[in-house]
Amino acid sequence: MTSLVTYIIRRMMLLVFVLLGVTALVFAITMMFPPDVRAYMYIRNAEQTRPGVMTGLIEKYGLNDPFYLQYGRWLSQVFEGNLGWSHAAGVGGMPVTEAIRTKWPYTFEIVLFAAPLIIFVGIYIGVQAAIHRNGVIDQISRVISIVGWSLPSFWVGMLLLATVNASFHVSLTGPLTQGSINYVTSSGFVRATGVDIFDGVLNAAFFQGRARDIVVGANNTGGMAISWISDLGVSVDALSHVILPVIVIVVIDMALLIRVMRSSMLEALGKPYIITAKAKGLKKNVVIYKHARRNALIPVATLSGMLVAGLLGGLVITETVFSMPGLGNWAAASAVQVDIPAVLGYAILSALMFVIANLVVDILYAYIDPRIRLD
Amino acid sequence: MVDMKGRWQEFKVSMRPRLKEYAFMLRRMRQSPLAMVGLVIVLVFAAIAVLAPVLAPPQGSDPFMIPKDTSLANVRPVEPIPPTTNHVFGTVELQYDLYYGCIWGTITAFRIGLLVVGVSLMIGLLVGTLAGFYGGLLDEILMRFTDIIIAFPGLILAMAFVIAFPQAIQINLSFMLLVVFVLASFGIIAFRPNKKLLLIVQVLLAFSLLSIFYSPVSLGLSLSKLDKVMVAITLVGWPGYTRVIRGEILRVKNEDYVEASRASGSSDSGIILRHIWPNTIYPILIVATLDIGSIVLSAAALSFIGIGAPQGFADWGQIIQSCRNWLVTPGQIFAHYHTFVIPGLFISFFVMGWNLLGDALRDILDPIIRRK
């Protein structure tokens with residue numbers, strides 16, 4: 001066990017260096033911008049966006065100084081919890097940390113359904129394809145994964161949107177329908193988690209007494225009365241808006257997982273210990289699922305970790321297609337509007353996700369496979 | 001003369017196993033239907049790219065700008081029209097001809113895919129070889145640097161690069177030369193310890209250092225939006241190649257034939273050129289083939305966000321992006337389907353062709369699984 005602990009500590013120390021490198025790299029990229037654009041990285045409230053104050057900021061934070069001085073100052077800002085001001089995050093802008101907090105739930109909603117689907121279904125199909133190599137399942141999964149991998153995700157999203165719109169006459173863009181948005185933002189609805197799917201259920205289950213006392217504002221055209229049914233309606237509405245993005249991500253991202261699982265399983269099935277297990281007279285299923293699949297899962301674990309981190313870090317394209325106000329949509333909008341602190345904050349956030357996922361996967365590895373930690 | 005003939009014989013004998021290998025690969029390739037489909041798709045696109053000036057004669061000074069039907073635009077300024085005899089695929093927003101855009105977009109796709117993969121591959125080959133072959137501190141520094149870039153989700157870093165690059169950049173030639181000479185002197189020390197050569201390079205190095213301080217020579221370079229996208233994707237892509245190449249070199253460098261070559265007095269560069277690269281190149285070619293498709297997808301995604309090719313440029317991603325407003329037309333179901341279905345099919349088939357080819361190449365070239 002001690003070797004595992006030292007291994008984890010060693011990995012964590014490496015993580016700090018990678019994070020320092022990552023932030024230095026993005027900071028170096030931002031240095032290409034003139035000081036008045038970069039001043040936004042130090043702004044804490046709307047008051048400071050006025051032109052007169054901005055010039056003061058350029059002097060105060062020495063935005064014409066050499067790189068290492070600025071980087072040091074900026075890092076200390078980050079440790080104080082200030083990532084700057086994002087002018088692309090809604091009308092009037094908001095602090096980057098605030099933007100991350102309010103946009104995170106919409107990304108999370110999609111990942112909540114997409115990630116398990118991709119991982120479990122992908123592993124299942126990959127294993128089946130490897131067992132029945134060159135069989136029908138293998139050929140079908142090969143075609144599906146190559147096609148899925150070749151499709152531009154924004155195009156699939158647009159096709160789905162247009163088709164759903166033509167067939168059902170509903171527009172499934174955005175997180176909720178307008179009626180539900182009015183309902184959710186009215187004061188009777190308790191936004192406990194910020195995730196609409198959870199909040200609907202929570203309101204229906206726990207906040208009944210509170211919700212019934214409060215009258216919905218006059219501009220509520222949604223026509224929903226406050227009751228547990230309409231609370232649950234919010235969840236259902238949110239769920240229906242998540243379906244299309246989830247389909248897009250599953251179609252696109254499952255392809256890679258299937259391929260990796262298949263080849264890793266094929267490799268495992270060719271190992272001598274499988275022959276030994278078969279020679280011992282073990283049942284076929286035991287050999288496949290206990291001996292081969294377990295070993296074949298190791299590379300898939302890495303991929304899954306990276307995949308989830310990538311998804312949580314934001315679905316730039318998918319969210320943009322479906323107008324989901326999540327992290328990815330915000331990042332895309334900030335890139336177009338040259339909102340430097342937002343892009344910087346977002347890049348750091350997603351890098352952090354990747355690094356943490358890497359660490360988790362490494363620790364899992366060391367736990368599963370003793371050869372790694374003893375190396 | 002006799003000597004030449006002898007050498008030619010020797011060469012033929014030494015090449016025989018390699019030729020046999022190529023013949024085997026070709027045979028395997030013909031047996032795999034998916035590989036053939038992929039090859040045919042790529043060849044069809046290559047034919048479209050080559051014949052583009054015939055298929056869709058350019059009308060303006062810049063062939064990559066899609067011609068606009070001005071007479072049509074006077075009647076119907078914005079809304080796309082469905083396919084007609086004048087516009088075989090119809091038009092997109094602002095009456096740009098879709099057919100022209102799709103045909104010339106093929107050249108753009110090849111340009112993006114091949115250039116980005118080529119440059120990333122070259123950087124990766126150089127850095128990966130240095131890191132893998134020499135190891136030690138150099139390896140540690142180079143690999144930690146690639147770790148940092150790989151720690152990013154590619155699209156986001158590419159986005160940051162695209163918006164950070166100015167339209168026109170001043171390349172400091174003196175500085176570039178300095179870097180080249182520093183690398184060269186390292187190379188000389190590592191590969192070919194030759195005092196005279198080293199002295200020349202170091203004198204040049206000293207001159208470039210002086211020139212940086214006294215009169216820097218700089219070169220103005222203007223980058224189009226598409227160039228910026230390509231540079232950004234290259235900057236994001238090379239660490240992946242470096243990692244693969246380094247891994248391959250680590251695998252090969254302790255093989256017996258490398259040891260034998262070293263024992264018989266070959267120089268490092270000789271070993272790398274004659275033994276290490278030929279034995280590491282196949283896995284890298286597979287990665288590169290698969291990568292061409294995904295690079296075209298990334299470029300299209302950047303166009304879709306709105307930071308890629310400008311409006312009216314013959315680029316599939318840009319064309320689809322300009323159709324976003326016409327997804328849904330109230331009262332007219334499927335009215336503007338052609339505007340995004342056709343360019344989408346072009347992208348999908350292009351990427352699929354490379355993916356099929358790469359996937360089949362992996363089965364054919366991978367020595368572990370191919371003989372089964």
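Where the chains touch

Modeller: In this model, 38 residues of chain B are in contact with 41 residues of chain A, contact being C-beta atoms, placed from the backbone, within 7 Å. The model is predicted, with local features needing pLDDT of at least 70 and side-chain atom pairs 80 or more, while totals for chains, interfaces and linings use all residues. Residues are numbered from 1 along each chain as its sequence is written, with chains lettered from A and ligands numbered from 1 in the order in which they are written.

On the side of chain B that touches chain A, the elements giving two or more residues are α5 (136-150), α6 (154-164), α11 (268-305) and α13 (337-365) of chain B, each helix being a DSSP run (H or I, at least four residues) numbered from the N terminus. Among them, α13(B) makes the largest share of that side, with ten residues. By kind, the side of chain B that touches chain A divides into 31 nonpolar, five polar and two charged residues (nonpolar: Ala, Val, Leu, Ile, Met, Phe, Trp, Tyr, Cys and Pro; charged: Asp, Glu, Lys and Arg; polar: the others, Gly among them).

Let us stay with α13(B) and look at a partner in the other chain. Helix α7 (residues 153-168) of chain A packs against α13(B) at an angle of about 150°, with the axes 10 Å apart (lines fitted to C-alpha atoms over the stretch in contact, with angles from 0 to 180 degrees between N-to-C directions). The two helices, α7(A) and α13(B), are therefore roughly antiparallel, a term for angles over 145 degrees. Here Trp155(A), Met158(A) and Ala162(A) of α7(A) meet Tyr337(B), Phe340(B), Gly344(B) and Ile347(B) of α13(B), and this contact of α7(A) with α13(B) has six nonpolar residues, one polar and no charged.

Within chain A, the axes of helix α5 (residues 96-131) and helix α13 (residues 284-312) come within 10 Å and cross at roughly 150°, which means that α5(A) is roughly antiparallel to α13(A). Among the residues that make the contact are Val111(A), Ile118(A) and Ile119(A) of α5(A), together with Arg293(A), Ser304(A) and Leu307(A) of α13(A). The contact of α5(A) with α13(A) divides into 14 nonpolar, two polar and one charged residue.

As for the form of α5(A), this helix has 36 residues and reaches 49 Å from its first C-alpha to its last, close to the 52 Å expected at 1.5 Å a residue (1.5 Å times one less than the number of residues). At Lys103(A), α5(A) bends by about 35°, and a proline, Pro105(A), follows within four residues; the bend is the angle between axes fitted to the seven residues ending there and the seven starting there.

Also in chain A, the axes of helix α8 (residues 178-185) and helix α11 (residues 228-269) come within 10 Å and cross at roughly 125°. Their contact is made by Ser180(A), Tyr183(A) and Val184(A) of α8(A) and by Ser230(A), Val234(A) and Asp237(A) of α11(A), and the residues divide into three nonpolar, two polar and one charged.

Technical notes
Parallel < 35°, antiparallel > 145°, perpendicular 65-115°, else oblique. Contact = placed C-beta atoms within 7 Å.
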